[in-house]
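Morning, everyone. Let me put the model on the screen and walk through it.

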Amino acid sequence: MAQIELSAIRKSFDGTDVLKGIDFRIADGEFISLVGPSGCGKSTLLRIIAGLEPQNSGEVHIDGRPVDGIRPSARNLAMVFQSYALYPHLSAFDNIAVPLRMRRLSAIERLPLLGALLPGRRAKERHIRADIEGIAEQLDITPLLRRKPGQLSGGQRQRVAVGRAMVREPLAFLFDEPLSNLDAKLRVHMRAELAELHRRLKATFVYVTHDQAEAMTMSSRIAVMMGGELIQAGTPAEIYNEPGDIRVAEFIGSPKINVLPGRIRKDGGVDVLGTTLKLTCNAAAGDCRIAVRPERIELGTGPFSGTVVHLENLGAEAFVHLAVEGTGSRLIARLADVRHLPAMASSVAFGFASDAVRMFDPAGKRIELRVEQAERVREPAHV
Amino acid sequence: MSDGSMTIGAAVAPTGTTRRTLPAHGSRRTHAAYALVTPAAALMLVMLLGPLAGVIALSFTDYQLGAPQFAWIGLANYQDLFADKVFWTALRNTLAYVVIVVPGAVIAGLAIALLIQSGTSLRSLYRTIYFLPVMATLIAMAVVWEFMLHPQFGLVNGMLRGAGLPAFAWLQDRSTALYALCAIGIWQAVGFNMVLFLAGLVSIPKQLYEAAEIDGASSGWARFRLVTWPMLGPVTTFVVVISGIRSFQVFDTVHVLTKGGPSKSTEVLIHSMYTEGFEFFRSGYAAAITVVFLVFVLLLTLIKSRLADRGVHYT
């Protein structure tokens, strides 16, 4: 149980800056997800926390104690690797036993034959066995303990790897994309299990993933990283609803948020696709980008119209791809009711509520909006 | 394939008719299978099994190289062999050579591979240097070693004298000759073993070391015990067996440097075979020595396949 504090972490590989000054504080008992596209530096950051990679500058504090220069083995963190990194020659039991044996037995006691003769070894092994059996029961892997990793399925290996991390009660758990090698169904299942594990252990979890769905469903807080910078951190709802940067808005949410080109007038009004929205802002006049989540697009009514170019019916919901008439813009609307789908190539009117609009400047920063009225933008505005 | 389908067919269909048709179908497939195996089997017969059978047959004769005829004399060659003190000396020397050279070459090869692997610069240079003895002709190298080990102006004795230690007549002294040859044998085998170990080391996933580090294996020795050594298991088995077989075959250094002397202290199996077969032309007797040699090599191979079966495989 620990809080982890990162200050001004920088890291470069061969002159390429991978991390450009990360400041972040992870509270005790938090389930924090580091998300971002490949190459954004999230795994490197995790490895720096673990101590597997030294940072070029900046400091890592665990429970207020600086750990820079302290070996990974002495930081008392547990890590679950993407490939699980189980020792292939050891049974599941022995794999889970490794961290305990490394800590509780002396180097001499670990010797294969001689060690068994030492007086204290038997009692210690008994304790280790009891601990592992307890963990195995929690993870439901008791029948698998005698098998080698090669004889286990992906999900089972995953559990053994988690068991190996849990068994010594570390200060914090580090996960490096642990579910990415599993098939889709198992991933959803393991997602729930990990979240439940976190609730039960109440330990600090740092979870790296490129899958925003994993981050959204499990974490208490999400930290979005892009290009070596931590752009935004917040609860899943905050990140989803109030993205501070267009890259965050586009990365989180599936299908992707719709982005339309807009224009801020001198009086603070906003035009998009030839229509004035019922909202104002304080930003300087110029180009801007309007982002609306697919589920906030309302089909059937509204000031805009588009042609249906593609339909994706998932059974419980459907995605309608529209080409906005008169512009090259494309957008996606989510329909909760799949019984009334528009026909392909038909023209559909659409609109969205003013409070569904998130606006970003050309650099991608969020622009605060004031909604003029709670009324929806249905009719073409009269200017 | 055909086996499987036949058993399943027989188990599923208890009626006589299906049973009668199945073997016919199966035998047709068997013919095809034999036809496909024939080229490889013929090659094996001509190149490996034939000569082997020839050597075994020869060991039961009194054939002499170039003689117009020969007679079957049963086990007489073996009786002579087992009664011959030189044979037992050769066998003892060969085993001593194997027992010294195999661990020496394996441990040194592994140690050098680990050093090269953990080094940062000049890796390929070191690799080349240690691999040179493997590429060089041992006969030529033996001449160099003869100079190095020369009692008067040899480099080794020069260094010993420089350090104030007593010098030895390495190859001319009964008590040191075999060990000198062992040292040359290790020197020659280390490079090859090192390359095999290096290949094995490269294939160990880096994440295992990281997991070991996280799990608390902070010392190099702990990580070696936990990850490197078990992961090198298959390579080590292979290296031990190959080194073993090659050590049993030791001949060139013995032939060039000592000719089995002084007073048979470096006489080894293959050298005995060579002297009997090509200097005294007792081909039958030499064949008997060869058979003994083959038995040992076969034993080693069996041990290896047993170990391989016992599951040093990982997925």
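Contact here means heavy atoms within 4.5 Å. Helices (H or I, at least four residues) and strands (E, at least two) are DSSP runs, numbered from the N terminus. This is a predicted model: local features need pLDDT of at least 70, side-chain atom pairs count only at pLDDT 80 or more, and totals for chains, interfaces and linings use all residues. Residues are numbered from 1 along each chain as its sequence is written, chains are lettered from A and ligands numbered from 1 in the order written, and side-chain values use heavy atoms, without hydrogens and water.

Chain B, helix pair. In H8(B), B:Phe192, B:Leu196 and B:Phe197 are among the residues that meet a set in H11(B) including B:Val239 and B:Ile242. H8 covers 177-202 and H11 covers 233-248.

Now B:Glu210. It sits in helix H9 of chain B, residues 206-214. Buried or exposed? B:Glu210 is buried, at 9% relative accessible area. Buried means under 20%, exposed over 50%, partly exposed in between, with a 1.4 Å probe and protein chains only. Leaving out residues up to four places away in sequence, B:Glu210 touches A:Arg47, A:Leu52 and A:Phe81.

Over to chain A. Seven strands make an open, antiparallel sheet, ordered S20-S19-S14-S11-S12-S13-S21. S20 (366-367) and S21 (369-371) are at the edges with a single partner strand each, so one side of each has no neighbour in the sheet. Pairing takes at least two DSSP bridges. S12 (269-272) and S13 (275-281) of chain A pair antiparallel over four bridges. There, A:Gly269 stands opposite A:Thr280.

Notes. Axes are lines fitted to C-alpha atoms, for helices over the stretch in contact, and angles run from 0 to 180 degrees between N-to-C directions.
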